[in-house]
Amino acid sequence: MSVIKVAILGFGTVGEGVYRTIQSHSDELSAVLGKKVEVAAILIKNKDRKRNIHDEVFVTTNFEEILQLPQLDVVVEAIVDKEPAFTYLKNVIQRGCHVITANKEMFAHHGKELLELAEKNSVSVGFEATVAGGIPVIQTLRQLLKINRVQQIEGILNGTSNFILTEMREKKQSFEESLLQAQENGYAEANPTNDVEGFDAFYKTMILSQIAFGVEPEWDEVEREGITSITSELMETAGKIGLKFKHIASLIKEGNQVKASVKPVLVGSEHPFYHVEGVENAVAVYSDLVGRITLQGPGAGMFPTASAVIEDLVYVCQSSSSKKLTVKTSSVLPNQHKKIKYWLVQGLIPYNCPPFISLEEEIGEGIFVVKASKDDLNHLEKQQTAIRYFSIEGEFQSKIVSKESVTVN
């Protein structure tokens with residue numbers, strides 16, 4: 001039986017998971033591919049550190065030594081930061097190797113260039129592991145885009161933020177206490193900025209935009225907000241009316257433009273993400289024929305992410321090159337900034353509220369449910385600079401007081 005030779009760049013959580021999965025699932029890979037898959041080499045940082053790697057695997061700290069191997073078919077990149085990952089992958093593509101990456105920051109910045117380079121060199125790029133861990137989002141979109149026209153995508157794309165919000169709500173903890181718990185459990189880094197300020201989810205959203213719509217929004221026009229401003233008071237108040245805070249990434253096609261946001265919103269029990277808790281991720285894809293498809297599963301971890309990489313390994317070995325997806329033109333959706341919907345607004349001064357803002361309920365001290373458009377609230381924010389507002393997604397029905405009970409003096 002012929003052999004597919006694989007190199008793994010990096011031997012952290014993801015790299016080790018990929019190595020162990022190739023060993024444990026070698027029979028399944030051989031049955032699917034008709035070839036044996038072997039790890040030929042692993043790139044590491046520290047040669048003195050003891051690792052559980054078989055003696056026949058070439059282990060090195062020098063990338064050039066991997067590039068010069070006599071047979072190299074697939075390279076799995078599992079390191080962090082944009083560089084040297086981008087340079088390494090360019091080099092192996094130019095050598096004629098398929099590549100697989102789990103590096104969302106690098107791929108968000110350089111994915112388009114890598115895909116174009118791969119097409120020129122008749123090889124494939126796998127990047128399922130860059131978005132939502134073990135959930136097969138990209139493979140699902142590839143299948144849907146053959147016929148369906150994708151209109152909108154929503155996702156909980158960062159397990160750390162979702163875990164923190166769950167802990168705050170269920171244990172009535174502060175943000176700081178819940179972040180510490182996430183760090184102690186290994187879900188958050190010592191510097192959690194990428195997770196809690198929404199950068200991680202932002203990179204994943206840009207990757208999804210390229211796949212679903214063939215374009216990205218201008219990065220500086222994307223509304224990105226983390227979860228650091230969510231307080232225990234807001235959590236408790238939202239719970240009174242049956243709502244939960246979720247950190248949701250959203251992509252929607254408006255005419256010829258793609259609009260994106262990554263921010264905390266409120267969802268009710270009918271929303272597909274209402275019961276997504278802890279470190280779970282979820283993605284909902286809305287298209288013209290199939291309607292809504294919701295995928296849910298572990299967003300991170302050694303074996304969930306390794307699962308995505310291994311599925312990509314099969315994909316790239318069975319594909320002749322990274323062919324561009326034919327993106328179907330989706331039906332035009334209305335401008336979301338002009339859509340009238342429900343919002344939770346904190347710090348609102350009701351007697352100074354303009355008539356285009358409909359006060360629905362006062363659910364806490366200075367916390368109201370209102371009905372308005374995003375443009376209306378942007379206008380209100382210029383008058384009342386202390387307000388903060390959160391979109392209520394999906395259906396919303398009053399659960400504690402009627403509209404008539406809101407008194408404006």
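The chain holds 13 helices and 16 strands (DSSP runs numbered from the N terminus, with H or I over at least four residues for helices and E over at least two for strands). The model is predicted: local features need pLDDT of at least 70, side-chain atom pairs count only at pLDDT 80 or more, and totals for chains, interfaces and linings use all residues. Residues are numbered from 1 along each chain as its sequence is written, and side-chain values use heavy atoms, without hydrogens and water.

Along the principal axes, the C-alpha atoms fill a box of roughly 80 × 45 × 35 Å. Of the 409 residues, 53% are buried (under 20% relative accessible area, 1.4 Å probe, protein chains only).

The largest pocket has a volume of about 1,600 Å³. A pocket is an open set of points on a 1 Å grid over the protein atoms alone, where a 1.4 Å probe fits, with protein on both sides within 12 Å along at least five of seven lines. The volume is the space filled by probe spheres set on the points. The lining comprises 47 residues (an atom within 4 Å of a point). Nearest the centre lie Val 14, Ile 79, Val 80, Lys 104 and Glu 189. Helices supplying at least two lining residues each include helix 1 (13-24) and helix 5 (104-120). Helix 10 gives the most, with three.

Notes:
Buried means under 20% relative accessible area, exposed over 50%, partly exposed in between (1.4 Å probe, protein chains only).
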